[in-house]
Amino acid sequence: MKAVHWLFLISLGLFVCGIGFVVAAARSARHASSVTVPVTTPVASVKQIMKGIVGPAATVIFKSVGATMTAQGVDEWAPKTDEEWEAVGNSAAAIVESGNLLMMGTRVLDRGDWIKMSQAMIEGGKEALKAVSAKSAEGVMASGEPINVSCDTCHERYRR
Ligand code: HEC
């Protein structure tokens with residue numbers, strides 16, 4: 001009778017512990033799902049990023065400020081409305097984020113120049129962003145130089 005009594009107590013104890021584990025597991029699972037960021041898998045090729053994002057964004061920036069000589073004199077243009085400035089800022093942001101995309105997964109061709117050149121493009125894009133937030137046409141014009149140099153430098157080295 002005594003042995004049975006003890007066995008009952010032990011199994012009761014195990015049962016309670018089991019419930020405790022289940023509750024703890026459920027809690028930590030809920031906790032984990034609210035905190036963990038899903039693992040991102042790069043999909044686009046470098047070429048798709050170039051043609052789909054970087055190229056069009058650079059064109060918007062390069063064309064946003066400029067001047068031409070006409071028979072009537074110098075014709076200058078720059079963003080005027082808030083919407084026009086915003087569009088240039090969006091493209092500058094796209095250039096910056098594309099630099100981040102180039103440093104993800106199998107797109108990283110090496111850990112030296114590829115990273116440096118991606119970062120150079122990011123810096124150029126940031127310069128354009130800064131100019132946009134100051135609504136400085138001259139600043140946007142000046143940012144065209146580092147952006148353009150970053151394209152050419154990387155293409156010379158890596159484009160086949
Ligand atoms: C970190 C390196 C890197 C930087 C910076 C870079 N590119 Fe590229 N780009 C490449 C590579 C590599 C290719 C070739 C991709 C392929 O063909 O697989 C390419 C290809 C392209 C193409 C496609 C050309 C074609 O028709 O095949 C365009 C357009 C382009 N880049 C625009 C730009 C512009 C504009 C910039 C600057 C704002 C820029 N890229 C900055 C690496 C870079």
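Predicted model: local features only at pLDDT ≥ 70, side-chain atom pairs only at ≥ 80, totals over all residues.
The backbone of Lys-135 has a positive phi of about 50°, although the residue is not a glycine. Around Lys-135 there are 15 other C-beta atoms within 10 Å, so the residue counts as partly exposed, a class that lies between the buried residues, with 20 or more such neighbours, and the exposed ones, with 12 or fewer.

Of the 160 residues of the protein, 20% count as buried.

The two strands come next. Strand E1 covers residues 66-70, and strand E2 covers residues 73-77. E1 and E2 pair in the antiparallel sense, over 5 bridges, and together they form a hairpin with 2 residues between the strands. One of the pairings can be followed residue by residue: Thr-68 has Asp-75 of E2 as its bridge partner. E1 is hardly covered, for the count of buried residues among its 5 residues is 0. In a regular strand, side chains alternate between the two faces of the sheet.

For H3 and H4, the axes come within 8 Å and cross at roughly 160°. Angles over 145 degrees count as roughly antiparallel, and H3 and H4 are therefore roughly antiparallel to each other. The crossing of H3 and H4 is left-handed.

The shell around the ligand holds 20 residues, of which Met-50, Gly-55, Ala-58, Cys-151 and Cys-154 come nearest. At least two residues of this shell are supplied by each of H2 (46-64), H3 (82-102), H4 (113-133) and H5 (137-158). The largest share comes from H2, with 7 residues. By residue type, the shell divides into 13 nonpolar, 4 polar and 3 charged residues.

Key
Residues numbered from 1 in each chain as written. Near = placed C-beta within 6 Å. Helix = DSSP H or I, 4+ residues; strand = E, 2+ residues; numbered from the N terminus. Nonpolar A, V, L, I, M, F, W, Y, C, P; charged D, E, K, R; others polar. Pairing = 2+ DSSP bridges. Axes fitted to C-alpha atoms, helices over the stretch in contact; angles between N-to-C directions. Parallel < 35°, antiparallel > 145°, perpendicular 65-115°, else oblique. Left-handed = near helix turned anticlockwise from the far one by under 90°.
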